[in-house]
Amino acid sequence: MTAAAQWPRRPTRRPGGRPQPDIEALTGLRSGKPHYYPEYRTSAERLHRVIQALERISAALVRTTEGSEALVRAVVAATAEHLCAEWVVFALVDGELPDSRPRQLVRGPDGAEWALRLSVPERVWSHVEQVRADRGGWDDGDREHEAEARRRHLHVPIRLDGRSVGGLVAWTPADREIDDTDHSVLRILAGQTAAALQNCALLEHSARLHAHTSRQADDLRARNADLVAAQAELGAARQREVLDDERHRIARELHDSVTQYALSAGMHIELVRSEVADDRLRGQLDTAKDLTRRAVEQLRSAIYALNDDGHGADEDLPAMLRRLSGVHMPDELRVEVRIGGTPVPLSAECEQSLVRIAGEALFNTAVHADARRAVVRLAYHPDHVRLTVSDDGGGSPEEVRRSLRAAAAAPSGEHRGLVNMQARARELGGSLTLRRARLGGLQVQVDVPAPEVT
């Protein structure tokens with residue numbers, strides 16, 4: 001045989017006019033001895049088959065990012081296509097690569113896949129169990145088969161870090177013998193499959209870790225946002241608390257000092273008026289008394305305003321009464337609030353009027369009754385709502401009723417608080433009653449109609 005040293009020439013034609021194959025023209029190889037040419041053709045075909053096999057391996061291994069299931073199917077398909085195999089078995093040793101799925105896969109002559117036994121022939125499924133059990137010796141060939149059978153039966157171990165983690169097994173048809181090239185190709189495929197499966201596991205683990213980390217980060221962000229919001233709310237609540245304390249302190253000072261001075265001034269004016277005979281001076285004293293009464297009313301309004309912390313719009317009547325019982329009360333007066341029945345919604349005007357009545361009654365208890373204890377009761381009945389303010393002071397119901405009748409008949413500015421309570425009760429369609437309390441002092445009772453339930 002001679003080899004051309006020059007560049008490939010234009011393809012020449014064989015007898016009959018058919019051109020030579022392109023492989024001859026590309027290699028510049030010509031044979032003068034016919035018996036060398038079949039060997040050359042066999043080597044060229046083997047090289048071509050190897051190149052195609054490597055392309056299949058590359059195409060299979062790029063499926064790593066799709067997960068182990070897609071990778072295993074691609075490896076089995078590449079094995080079956082390269083060997084024209086009738087049956088291909090992929091299996092992993094029990095306990096190895098635990099995150100890889102499926103653990104075993106069988107591909108049949110028609111391309112169907114089985115992950116479980118089902119209709120798989122016993123001779124094929126026995127190799128699945130053999131690989132899973134990691135019984136040694138099978139990777140060098142099945143010694144139970146005759147030489148002819150071994151040329152169509154291939155075992156290749158899947159190794160990772162020097163240990164067997166699985167295996168590939170294939171059966172080829174009668175017209176397809178397995179040669180050394182096939183062994184090499186399958187060993188390359190098996191080795192790369194082991195690394196790819198491990199990469200799949202690492203990739204999936206990284207994805208889970210990333211997802212877990214992302215969830216933790218989102219949770220931390222949410223918790224941080226909640227913490228910032230809570231801190232802001234605490235800061236605002238602290239500011240409101242400081243402002244409320246300051247308002248309550250001013251209200252207490254006005255109640256305990258300025259209001260008392262104004263009331264005392266009015267009493268002294270009344271005493272002086274009763275001893276003065278000059279009508280002109282009596283008129284001036286009446287004016288001074290009226291101014292004193294108006295000053296006391298303005299002070300009371302200021303005290304209520306200072307004790308209103310702006311949250312009344314969000315509170316129901318029981319909550320407003322509880323809040324009222326804790327403001328501008330002397331330290332020696334203990335106030336209790338009791339609620340009876342099932343609360344029903346009342347109009348805002350009704351609730352505000354009942355709160356004002358309770359506040360005026362408590363104010364009188366604190367200023368005039370010399371009481372140690374007061375009880376505010378709110379009772380919800382089917383047809384009416386009852387509010388009572390009772391104390392253990394020295395007030396006399398008979399004297400208070402006389403004062404109320406006198407103030408209503410001839411308004412002089414005295415006992416204006418009692419008149420206002422009675423007027424508020426009547427505006428609500430209800431009534432005001434004064435009687436002896438079980439505690440021993442005075443009880444102020446107000447009954448108003450309950451709203452109709454539709």
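Predicted model: local features only at pLDDT ≥ 70, side-chain atom pairs only at ≥ 80, totals over all residues.
## The whole protein

Let us take the overall picture next. Of the 454 residues in the protein, 37% are buried. The chain builds 11 helices and 12 strands. How much of the contact list comes from residues 24 or more positions apart? Counting contacts with a separation of 6 or more, such pairs account for 62%.

## A sheet of five strands

Now look for an open sheet made of five strands, in the order E5-E4-E3-E7-E6, with antiparallel pairing. Which strands sit at the edges? They are strand E5 (113-114) and strand E6 (153-160), and each of them pairs on one side only.

Strand E3 (residues 87-92) and strand E4 (residues 104-107) run antiparallel and are joined by four bridges.

Helix H3 (residues 68-83) touches E3, E4, E5, E6 and strand E7 (163-171). The direction of H3 makes about 35° with that of E4. Helix H4 (residues 122-133) also packs on the sheet, where it touches E3, E4, E6 and E7. For H4, the direction makes about 20° with that of E3.

Val 106 has Trp 114 as its bridge partner in E5.

Cys 84 is not a glycine, yet its phi is positive, about 50°. Is Cys 84 buried, partly exposed or exposed? Its relative accessibility is 47%, so it counts as partly exposed.

The loop between E3 and E4 holds Leu 97. Leu 97 is another residue other than glycine with a positive phi, near 45°. Leu 97 counts as buried because its relative accessibility is 11%, and buried means under 20%. Pro 102 also lies in the loop between E3 and E4. What kind of peptide bond joins Arg 101 and Pro 102? The bond is cis, with omega about 0°.

The hairpin of E4 and E5 has five residues between the strands, and Gly 111 takes a positive phi near 85° there. Pro 109 lies in the loop between E4 and E5. With a relative accessible area of 55%, Pro 109 is exposed. Leaving aside neighbours within four places in sequence, Pro 109 is in contact with Glu 86 and Trp 87. Pro 109 and Glu 86 are 23 residues apart in sequence, while their C-alpha atoms are 4.3 Å apart in space.

## A helix and a serine

Helix H9 (residues 348-368) has 21 residues. From its first C-alpha to its last, H9 reaches 30 Å, close to the 30 Å expected at 1.5 Å a residue. After H9 comes Asp 370, whose phi is positive, near 50°.

Further along, Ser 390 has its place in strand E10 (residues 384-391). Why does Ser 390 count as buried? The reason is its relative accessibility of 2%, and the cut-off for buried is under 20%. Apart from residues up to four places away in sequence, Ser 390 touches Arg 373, Ala 374, Val 375, Arg 377, Ala 437, Leu 439, Leu 442 and Gln 443. With Gln 443 there is also a polar contact, from the side chain of Ser 390 to the side chain of Gln 443 (3.1 Å).

| Residue | Relative accessibility | Class |
|---|---|---|
| Ser 390 | 2% | buried |
| Leu 97 | 11% | buried |
| Cys 84 | 47% | partly exposed |
| Pro 109 | 55% | exposed |

Key. Residues numbered from 1 in each chain as written. Heavy atoms only, no water. Helix = DSSP H or I, 4+ residues; strand = E, 2+ residues; numbered from the N terminus. Buried < 20%, exposed > 50% of the residue type's maximum accessible area, 1.4 Å probe, protein only. Contact = heavy atoms within 4.5 Å. Pairing = 2+ DSSP bridges. Axes fitted to C-alpha atoms, helices over the stretch in contact; angles between N-to-C directions. Polar contact = N/O pair within 3.5 Å; in protein donor to acceptor, adjacent residues only side chain to side chain. Expected span 1.5 Å × (residues − 1).
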